[in-house]
Amino acid sequence: MRTVKMRMAGGLAVAVVVMAGFGATGAVAAPPGTAGPRYTAGSDGAGDPYFPYSGNGGYDVQHYDLALTYTPPAMAPAPLQGSLTGVATIDLVATQDLDRFNLDLRGMDVTRVTVGGKPAAEVEAPAPGDEVDGAAYWQVQDDAARRWELTVQPRPKVKSGKSVRVVVEYRGTTVRPLDVEGALYGWVTTRDGAIVVSEPEGSMTWYPVSDHPTDKATYRFAITVPAGKVAVANGLPHKPAETSDGWTTWFWDAPDQQASYLTTASVGDFELRPTYTSTSGIPIVDAVDANLTANQLNTTNASLALQPAMIDFFESRFGPYPFNSYGAIVDDDSVGYALETQTRPVYSGSAGQGTVAHELAHQWFGNAVSPLRWQDIWLNEGWATYAAWLWTDDRGGTTAQQAYNSWYAPARTAAYWSFQIGDPGDLGLFATQVYNRGAATLHALRVEVGDEAFFEGARLWVERFNDGAATSADFQSVYEEVSGEDLDAFFQIWLWDQVKPPATWTL
Ligand SMILES: [Zn+2]
């Protein structure tokens, strides 16, 4: 996730992904002893204790086609508000006999819904247990509970295993949404457009979605903005931009499985630079804001020029780069962090070398293999931080061991140590310990199992859970497999004990 500028800063899994969400089976259970209704409502969450209403049950999204029209805010001092209209075409497969299902959508008004081409009527949200006749939809916007749901009642009902196309038309005023910690996220309106960074569950601020990493899908975008503005999404352009009547539509195609939080459609005064490639032929497309200062531009240009070498280096350690393209979106405005949006991370103000290495490593760790539940976010941030240590080490800078040793320096009494990275809590997702103790855990693991097993484990981890999601327990079993060691005690110390680890791994 977020690399905060300056401060730096896993068998079962596969089954769960198919079911779209974990724990929750999706169905609302019938009272014991009674034959429940055959068709039931999909759950309004993916069962993630950190974000109980993000994601939904009862279906598995295959593909999102997003046609967006966006008008950025007028010039200052007009309020930083834009207007967005969207048509989301969502192809999904029912994973239970569905009477109703939910999509997450926050702060946008739905104007039309069709399921299998059949229109649904907009109705008031019924009281729990109340029946609604016919094909219908309704919205609930509960800011206090962080529950923002669009419920769709298709008629005819949808049988388990059936594919359906759901089309949702919606519109709204875009603002600068805040996440559970009060940080900017989602569709963040800027003076010249929008920075779109949606971790952990901010995608629902700009399109109807099953907003949890366990329900990955492919994406296609058609983003229409005033002529002169550039819209940049994930993947690669699938046809040249088209301009008419003062508007330009930008077309992007992201054919790889993608978690919703990694989706972007950022808009601004970007310069879309000519494509260049890595040694292995990965096309790299950068979009750099024309309003960067000279210093920001120099820093950014120097870092982005290293992307091909970084891809080569990480491929030599972690296996093939997992997606069809790479690049960067560098905006002159700031949300206070950079984000590893899939294939094209978003940077605030400028892109520093360490941050570029960090966001690139996320493509393997967090994007190809995502956390099955947000509790396991150290698997994202620990790896991205450690990979940046490895890059700096390989370039003749601070070695990974030196970075580890300076991390290890604070006294045993320091408050820093009383933090559990195995379960950081919804307000601790982006705590520095998740990044740095996460990276130190991986360095210690490398010392523990040896270089060969360590990098073999990294490649096996990506191979086994690619396009999916996994847990810390899955991660431990991969390393027990490649090392032949029982690592219970090791991971107890590093993920759960809230004390300074012993000096065992400090060489
Ligand atoms: Zn990160």
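Mentor: The expected span of a helix is 1.5 Å times one less than its number of residues. Keep in mind that this is a predicted model.

Trainee: What span should helix α7 have, and how far apart are its end C-alpha atoms?
Mentor: Helix α7 covers residues 432–449, so its 18 residues should span 26 Å at 1.5 Å a residue. The end C-alpha atoms of α7 are 25 Å apart, which agrees. Of those 18 residues, 14 are buried, leaving α7 mostly covered. Just after α7 comes Gly450, with a positive phi of about 95 degrees.

Trainee: Now the sheet: what is the order of its strands?
Mentor: Strands of a sheet pair through backbone hydrogen bonds, either parallel or antiparallel. Here 12 strands make an open sheet with mixed pairing, ordered β2-β5-β9-β8-β7-β6-β10-β4-β3-β13-β16-β15. Because β2 (40–41) and β15 (236–244) each have a single partner strand, they stand at the edges, and one side of each lacks a neighbour in the sheet. Further in, β5 and β9 run antiparallel and are joined by four bridges, and Leu103 stands opposite Leu150 in β9.

Trainee: And which elements give two or more residues to the lining of the largest pocket?
Mentor: Rolling a probe the size of a water molecule over the atoms shows where empty space is left. The largest pocket has a volume of about 520 Å³. Among its 23 lining residues, Ala41, Arg100, Pro128, Gly129 and Trp138 are the closest to the centre. The elements you asked about are β5 (98–104), β8 (136–142) and β9 (147–153). By type, the lining has nine nonpolar, five polar and nine charged residues.

How values were computed: Residues are numbered from 1 along each chain as its sequence is written. This is a predicted model: local features need pLDDT of at least 70, side-chain atom pairs count only at pLDDT 80 or more; totals for chains, interfaces and linings use all residues. Side-chain values use heavy atoms; hydrogens and water are left out. Buried means under 20% relative accessible area, exposed over 50%, partly exposed in between (1.4 Å probe, protein chains only). On a 1 Å grid over the protein atoms alone, a cavity is a set of points where a 1.4 Å probe fits but cannot get out, and a pocket is an open set with protein on both sides within 12 Å along at least five of seven lines; lining residues have an atom within 4 Å of a point. Grid points are joined across faces, edges and corners, and a volume is the space filled by probe spheres set on the points. Ala, Val, Leu, Ile, Met, Phe, Trp, Tyr, Cys and Pro count as nonpolar, Asp, Glu, Lys and Arg as charged, and the others, Gly among them, as polar. Two strands pair if DSSP finds at least two bridges between them.
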